[in-house]
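Visitor: Please give me a close look at one part of this model. Start with the overall layout, then go to the core.

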Amino acid sequence: MNLDSRGVAGVSVVTVGFTEAVASQSKALGFEPAIVFVPHPLQNQTAEELYKLAYNAVRAALSLSAPAHWNSASDRPLAYRTIKPPSP
């Protein structure tokens with residue numbers, strides 16, 4: 001929350017098992033954070049499943065934190081332009 005109040009974009013990645021906890025904490029703090037929810041639990045996922053989950057979470061997080069004025073790929077920093085897709 002402190003970084004957001006300073007204008008530094010932040011995104012939390014949270015498993016859906018903590019949805020209610022996130023809502024309660026957000027309400028108590030009076031803050032609506034950017035959140036990407038992922039499946040719960042994580043520990044029984046294969047390495048390939050975790051890679052795909054992480055890939056999708058990073059893409060979602062970048063889309064939530066990217067400034068709205070970025071209209072074309074050339075306006076974006078490299079980190080926002082290219083993410084290696086998961087192997088099929």
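Visitor: How many helices and strands are there in the protein chain? And which residues make up the largest nonpolar core?

Guide: This is a predicted model, in which local features need pLDDT of at least 70 and side-chain atom pairs count only at pLDDT 80 or more, while totals for chains, interfaces and linings use all residues. Residues are numbered from 1 along each chain as its sequence is written, and side-chain values use heavy atoms, leaving out hydrogens and water.

The protein chain has four helices and two strands. Both are DSSP runs numbered from the N terminus: helices are H or I with at least four residues, strands E with at least two. Along the sequence the pattern reads α-β-α-β-α-α.

Now the core. V36, V38, L53, A57 and A61 make up the largest nonpolar core, five residues in all. Such a core is a set of buried Ala, Val, Leu, Ile, Met, Phe, Trp, Tyr and Cys residues joined through side-chain atoms within 4.5 Å. The largest share, three residues, comes from α3. In soluble globular proteins, nonpolar side chains tend to be buried together.

Take the helix next. Helix α3 covers residues 47-65, 19 residues in total. Its end C-alpha atoms are 26 Å apart, which agrees with the 27 Å that it should span at 1.5 Å a residue; the expected span is 1.5 Å times one less than the number of residues. The buried residues of α3 are L53, Y55, A57, A61, L62 and S65. Buried means under 20% relative accessible area (1.4 Å probe, protein chains only). Of the 88 residues of the protein chain, 16% count as buried.

Beyond its neighbours within four places in sequence, V36 is in contact (heavy atoms within 4.5 Å) with V11, S12, V13, V14, A57, A60, A61 and L64.

T15 lies in strand β1 (residues 11-15). T15 is buried because its relative accessible area is 12%. Outside the four places on either side in sequence, T15 contacts F37, V38, P39, H40 and L42.

Notes:
Buried < 20%, exposed > 50% of the residue type's maximum accessible area, 1.4 Å probe, protein only.
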